[in-house]
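These are my notebook entries on one structure. I set down what I looked up, entry by entry.

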Amino acid sequence: MKAVSIKEPGGPEVLEWIDVEDPTPGAGEVVVDVAAGALNRADVMQRWGLYPLEPGTSPYPGLEVSGRISAVGEGVTGWQMGDEVCALLTGGGYAQKVAVPAGQLLTIPKGVGLVEAAGLPEVASTVWSNLVMTAGLKAGETLLVHGGAGGVGTSAIQIAKALGARVVTTVGGPEKAAQVRELGADVAVDYRTEDFTEHGPYDVILDVIGGAYLDRNIGSLAADGRLVVIGLQNGLEGQLNLAEIVFKRISVYGTTLRTRSKEQKAAIVAEVQNNVWPMIENGTVRLVIDKTLPMADAAEGHRLMEAGGHLGKILLVNDEGV
């Protein structure tokens, strides 16, 4: 098979579409013939050498795919060869085949195409696990989503609205502001010209920025507010006002999906299947796709993501067969 390999840490040009060995399913795993994969910010960090891999993790980037099961390992029940699935991965999605723990498989939601489904597992799992399972977002609360135009952001806006929350989001420019309002955002803040703190206080903040926003995030949280940091796009360090944390009873969480155990991921995937998939199937939540590219052109996808002009997901399609 072929896969996208990272020749060395660096820019998009270090990505190579090369021949590699086919995966085989271990106990509790299946092999998926990949129809498509999707880009995530963690892939860019991995390419730059800034995302250390867990032992035994595939060296190829890619945290979500869709496709058909072509092999079933020992002990797998409930899935069989030929089933169309999408899957949450620890890595290896930029490839024509990938081995996946069976607990990280999801069905294809009704009304969603096989290729398009590649853009669902990572964002749906990220949003549900952080907003609901970690932060406990409830109807009537106010959520601030930083980076509302990205894959996670466009999903978070819609899921939060489906849960009955008021949603404020930050975006870059008036065009994106209009687009996220169409997705349901109550307020779209252009971070280039506006200050998001003026639209608080917030009960929950979902942050992909990191250190540069830390003090303002804390300052704009309501009493009993929850800050969930899931990205470090702009800084690894920031200042904390401990008095605000103590007297407002603020909770600060740092989470990542990739390093969770198989058991934890399986629990999250089950929650997504039971709670998010019905929202997609009834039209409450829709997948937003910006662009679809051949998997061999992964470097172009990375350039687009780093340029920041996209809205929603960028997909990589395996159009060479396996």
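This is a predicted model: local features need pLDDT of at least 70, side-chain atom pairs count only at pLDDT 80 or more; totals for chains, interfaces and linings use all residues.

At what angle do the axes of α2 and α3 cross, and within what distance do they come? I found that the two axes come within 9 Å and cross at roughly 55°. I took axes as lines fitted to C-alpha atoms, for helices over the stretch in contact, with angles running from 0 to 180 degrees between N-to-C directions.

Residues are numbered from 1 along each chain as its sequence is written, and side-chain values use heavy atoms, with hydrogens and water left out.

**Entry on α2 and its partners**

I noted the element names: helices (H or I, at least four residues) and strands (E, at least two) are DSSP runs, numbered from the N terminus. The crossing of α2 and α3 is right-handed, a term used if the near helix is turned clockwise from the far one by less than a right angle, left-handed being the anticlockwise case. I then listed the contacts (heavy atoms within 4.5 Å). V123, T126, V127, W128 and L131 in α2 meet G151, V152, S155, A156, I159 and A160 in α3.

I next looked up α2 against α7: the helices pack at an angle of about 100°, their axes 10 Å apart. That makes α2 roughly perpendicular to α7. On the α2 side of this contact I found A124, S125, W128, S129 and M133, and on the α7 side I268, V269, E271, V272, N275, V276, W277 and M279.

Is α2 mostly covered or mostly open? It is mostly covered, as 11 of its 14 residues are buried; buried means under 20% relative accessible area, exposed over 50%, and partly exposed in between (1.4 Å probe, protein chains only). Among the buried residues of α2 are V123, A124, T126 and W128. Just after α2, G136 takes a positive phi of about 65°.

**Entry on α7**

Helix α7 covers residues 262-281, 20 residues in total. From first to last C-alpha α7 reaches 26 Å, close to the 28 Å expected at 1.5 Å a residue; the expected span is 1.5 Å times one less than the number of residues. I located a kink of about 35° in α7, centred on Q273; the bend at a residue is the angle between axes fitted to the seven residues ending there and the seven starting there. K265, I268 and W277 are among the buried residues of α7, and their cover includes β5, β7, α2 and α3. After α7 comes G283, with a positive phi near 85°.

**Entry on single residues**

Where does P201 lie? P201 is in the loop between β10 and β11, and a cis peptide bond with omega of about 0° joins G200 to P201. T142, in strand β8, touches P201 as well as residues including R166 and Y202. At 10% relative accessibility, T142 counts as buried.

I recorded D224 in strand β12, which has a positive phi of about 65° although it is not a glycine. D224 counts as partly exposed, because its relative accessibility is 39%. R249 is not a glycine either, and has a positive phi of about 55°. R249 is found in the loop between α6 and β13 and is partly exposed at 48%.

Conventions. Angles under 35 degrees count as roughly parallel, over 145 as roughly antiparallel, 65 to 115 as roughly perpendicular and the rest as oblique. Lists of a residue's contacts leave out its neighbours within four places in sequence.
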